[in-house]
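Here is a short briefing for a reader meeting this structure for the first time. Keep the model in view while reading the points below.

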Amino acid sequence: MAVKNTTRTSPKNNRKNHPKNNLKNNRKNTQYAAPGAPDPLLDLTGATAEALRGVRDARRERAGRSGRPRFAGGWQLLLALTAFVLVAAGVLHTAPGAGRAVGAPASAATALALTTGTGALLTAAAMWLATWLGPVLLSSHEVTWLLPLPGDRGRMLRPRLLAGLGVAAATGAVGAVPLAAAAQAALGAAEPAAVLVDVPATVAGALLAAALGVLTQARPARCRTLRTAAALVAALGAVTAATSASFPLLGSVLAWSGPWGWTGRAVADAARGDLLPAALLTTAVVGSAAALLARAFRLLGELPAAELAARAQHGSRAGQGAVLLDVRGIALVAQSVARAGRGRARFRLPLPAGHPRLVLLWRDALALLRRPARIAAAVVCQAAGVLLLHLMQQWGQAPDHPSVSAPQAALFGWILVLPLYLAACALTEGARQDTDNLTRTRLLPFAPHTVALGHFVVPTAALCLLGPAVSWATCLLTGLPASAWHLWALVSAIGAPAAVGAALMTAYRGAMRYDLMFLSPDWYAVLPFLIWYAAPTLMCTAVAAPLLWQSVVSPHAALTGAVVQLAIASGLALALSAWRVRAQARAMSGTTPAG
């Protein structure tokens, strides 16, 4: 008689040890490996040199067949460098005046906290990007042709690492501009000699992040740890920068917590004219980056082929999304990278037992709770909106601020409304998932336009709750006056339907309309495409910008009429966006032609 096995095993272990999964993992690890051990009589140095020579010859031949001028790349680099220098000089020139317009000069502790927090944010962004794409980024052709060749893989990958470090250094040089501008704006004065310290410090910080990226490529199991560390550094930097006026002590703590704080401390000291301590801190950052880079070069030969292939695929998709202005495509790549190595989502919500349409709300709530980063992004956008509104109000009340024309006022209004729109976009994750994969809604007993209209409820309710709560907490932590969070809470609550409608119009608009750029051969042919691309944000701006801009130019005027106008405009925008989303959803499902 057979005895039934009652031993309980973990489903995770069952999936992990299943023969099919083991076979899949082995295929993934050996797909790009060399076909067997190399011949012991083979000269690996000569084979490596021959492979690299073949790569250079192939690139040279391809460049010759492209028909491009010989020095086209050099001219493009020169033009980009010239544009960067001009923009950087303009930003650094206007930073002290802008700081004085909003209340500078601040105390030395406040300036240190603001600069250190900004530097930590830039370093965290570089760390996250290094763990996402990685400094050693190959093309798909190099993965399939170069990696299986016998030879010294470290020497083969060295040119790609040097190219990645060059990109990291350029990114660090670009990051030096906002960091130095933040320090000069906080102090209300310019220090030209500080640039000699700012650029090396930020470049060294970017190279340090790139070296950490190589370490995670060689040890993929540590990638999640570095991402968690980058998230913590970003959170500390954001809190320190936001509370620089009320809790400046956080700046001193963060300044000595590690290389991510040393960079901001060096820039703050250089902006005050203390070049000696700034140089010492810059030397410490450079030394840390050099030590990690030496370790990274030694680990080049140990980079797994499967990891290089995955990074190549992610880099190709992200580059394509950047060229085609497909922000959602880039977000999907980032989500796939973040989910690498994780199991299935464990968070569960019980199905609602009431009306069948409650399933639509349950799906949206579950999509948000399974993506806590989207909720965190909405919180950050709301806090940034409160701080931006306060800074604009201080600038508007300054006695010596320049006059603003009507186009400039429209641009400033668009900038003020942008955080609200981005928060709404972050909360419409359920709609994004439905438009990314249309098969998710085909088994539901609802029409496509019914599902689309159901996406209005949960994001609108979440935005109405997050707006007042986040604005109140932001003003409490930063010491801002109560009028700042009162106004933003009002705009968030009343303008939430319009903002969510604009976000859903973006989610359901379908493929990018690049055909709009071919209506005319002239340079202004791009304008119809830009208008189509920015139409949802323009609708949201038309709703909320008048009230926000009135609070900037006339802070003591009665806002009753503007609030009534906001409520009416929000209702009209809700009706328009619902009609448009309904039509777009039916067009995407194929029930009606696109209108």
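Asp434 is buried, with a relative accessible area of 3%. This comes from a predicted model. The side chain of Asp434 meets that of Arg363 in a salt bridge, 2.8 Å from N to O. Asp434 sits in helix α18, while Arg363 sits in helix α15 (residues 358–369). The two are 71 residues apart, so the pair links distant parts of the chain.

**Helix α18**

- Seven of the eight residues of α18 are buried, so the rest of the structure largely encloses this helix.
- The buried residues of α18 are Glu429, Gly430, Ala431, Arg432, Gln433, Asp434 and Thr435.
- Asp436 also lies in α18, which spans residues 429–436.
- Asp436 counts as partly exposed, because its relative accessibility is 36%, between the cut-offs of 20% and 50%.

- Asp436 forms a salt bridge with Arg328, and their closest N and O atoms are 2.8 Å apart.
- This pair also links distant parts of the chain: Arg328 belongs to helix α14 (residues 327–338), and the two residues are 108 apart.
- Arg328 is buried, with a relative accessible area of 10%.
- The Asp436 end is therefore partly exposed, whereas the Arg328 end is buried.

- Asp269 forms a salt bridge with Arg265, with 3.4 Å between the closest N and O atoms.
- Both residues lie in helix α11 (residues 259–271).
- Asp269 and Arg265 are four residues apart, about one turn of the helix.
- Asp269 and Arg265 are both buried.

**Salt bridges across the structure**

- How many salt bridges does a search of the whole structure find? The search finds eleven.
- Some share partners: Arg265, Asp269, Arg272 and Asp274 are joined into one network in this way.

**A nonpolar patch on the surface**

- Which residues form the nonpolar patch on the surface? They are Leu411, Trp414, Ile415, Tyr524, Leu527, Leu530, Ile531 and Leu538.
- Together these residues have about 710 Å² of accessible area.
- Helices α17 (406–427) and α23 (526–553) each supply at least two residues of the patch.
- Helix α23 gives the most, with four residues.
- Leu530 is found in helix α23.
- Leu530 is partly exposed, because its relative accessible area of 40% lies between the cut-offs of 20% and 50%.

**The protein as a whole**

- The protein has 24 helices and zero strands.
- Of its 595 residues, 41% count as buried.
- Take the contacts between residues at least 6 apart in sequence: 80% of them join residues at least 24 apart.
- The accessible surface of the protein comes to about 31400 Å².
- Carbon and sulfur atoms account for 67% of that surface.

Notes. Residues numbered from 1 in each chain as written. Predicted model: local features only at pLDDT ≥ 70, side-chain atom pairs only at ≥ 80, totals over all residues. Heavy atoms only, no water. Salt bridge = Lys/Arg side-chain N within 4 Å of Asp/Glu carboxyl O. Buried < 20%, exposed > 50% of the residue type's maximum accessible area, 1.4 Å probe, protein only. Patch = residues over 30% accessible without salt bridge, like charges linked within 9 Å, V, L, I, M, F, W, Y side chains within 5 Å. Areas by Shrake-Rupley, 256 points an atom, 1.4 Å probe, with all protein chains shown as cover. Contact = heavy atoms within 4.5 Å.
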